[in-house]
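Please look over the sequence and the fold shown below before reading on. The notes that follow move from a group of strands to a helix and then to a loop.

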Amino acid sequence: MKKLGLKLSAVLLATSFALAGCTGGKTANTTEKKDGGKIKVYASFYPMYDFAKKIGGDKVEVTNLVPAGTEPHDWEPSAKDLAKISESDILVYSGAGMESWIDKVDQATKGSKLVKVEASKGIDLIKSEHHHDHEDAKEKDHEDAHEEHDHGEYDPHVWLAPQNAKIQMKNIKDALVKADPNNKDYYEKNFETYSKKIDDLDSKFSTSLKNTKSKNIVVSHEAFGYLCKAYGIKQIGIEGLSPDSEPDAARMAEVTKFAKENKVKYIFFEELVSPKVAETIAKEIGAKTAVLNPLEGLSEDQLKAGEDYLSIMESNLKVLLEALNA
């Protein structure tokens, strides 16, 4: 019996070592990573990347899926991208129709522990005036409909109103706290810091734009609906919600007429898309052109210079004031 007891003890001891080896000595569902315990986050495009880095700080490893200088409306994840996303902890995406590819992620990550964060959740969305035009496009074949880059029923560019950006940061913060509760205070503190900076930015926009000479802007990419709604400005878009859509002659004439009648002095375009159409209208009415950045992506040079959401929005305010007071 004594020998049997010793053998049984040896078996139990060996089994416990084997189990410890399988689990690495950690409990199940831990978020600790091999790379210093950082939470691995993938972000759908630049603003989500920037917000996740600001809130996550040195506790997270954030990867921007869309390469610098790339227009996110045109981007689709590759099989390699989907595999990387499925192996991460958190995917931060804006939502509201911005990421037309999110269904592919749902399919590719079934059964994984990936936490998907729709950052626009809780934001009061603006209905798209172009939705019905895109519904007609859906009747075409799949390839043509894809080319339309239909965002659906709502304008997806929510982050361009600072208070919406704060909601997105909060949603990201909540996801990080859920994934990494041990660092809750750290994430909460970072959110409080940037929440105040967003409030200051919002106050600066509100005060500065309150009494401008004009309240009308003409933009190549109709991305500024939320910003305009927040500060009492009216945008006229040349190319709709997708920056790569081509305006027809009737639309060009309509925008040109509006710009002339309202004495518009600047036609805005963005860096990631050709300024050709904006330049055509500006030449027609004797106006200038300028960049109004929708913050869908920054260039390599901007990233190297340390630009971010806050600095680009400050630049946007400066150029808006110049245009609206010209």
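Which residue of β3 does Tyr42 stand opposite? In this predicted model, the residue of β3 that stands opposite Tyr42 is Leu91.

**The strands**
- Strand β1, which spans residues 39-43, has four of its five residues buried, so β1 is largely enclosed by the rest of the structure.
- The chain crosses from β1 through helix α2 (residues 46-56) to β2, and this β-α-β crossover is right-handed.
- Strand β2, made of residues 60-64, pairs with β1 in the parallel sense over five bridges, and within this pairing Lys40 has Glu61 in β2 as its bridge partner.
- β1 also pairs in the parallel sense with β3, over three bridges.

**Helix α3**
- In helix α3, which covers residues 79-86, Asp81, Leu82 and Ile85 are buried.
- Seen down the axis of α3, the buried residues fall within an arc of 100°, so they line one face of the helix.
- Ala79 and Lys80, in contrast, are exposed on the other side of α3.
- The buried residues of α3 are covered by elements including β1, β3 (90-93) and α4 (102-108).

- Lys38 lies in the loop between α1 (2-23) and β1 (39-43), and because its relative accessibility is 32%, Lys38 counts as partly exposed.
- Although Lys38 and Val60 are 22 residues apart in sequence, their C-alpha atoms are 4.7 Å apart in space.

Technical notes:
Residues are numbered from 1 along each chain as its sequence is written. This is a predicted model: local features need pLDDT of at least 70, side-chain atom pairs count only at pLDDT 80 or more; totals for chains, interfaces and linings use all residues. Side-chain values use heavy atoms; hydrogens and water are left out. Helices (H or I, at least four residues) and strands (E, at least two) are DSSP runs, numbered from the N terminus. Buried means under 20% relative accessible area, exposed over 50%, partly exposed in between (1.4 Å probe, protein chains only). The arc is that of the directions from the helix axis to the C-beta atoms. Contact means heavy atoms within 4.5 Å. Two strands pair if DSSP finds at least two bridges between them. A crossover is right-handed if, with the strands pointing away from the viewer, the path from the first strand over the helix to the second runs clockwise.
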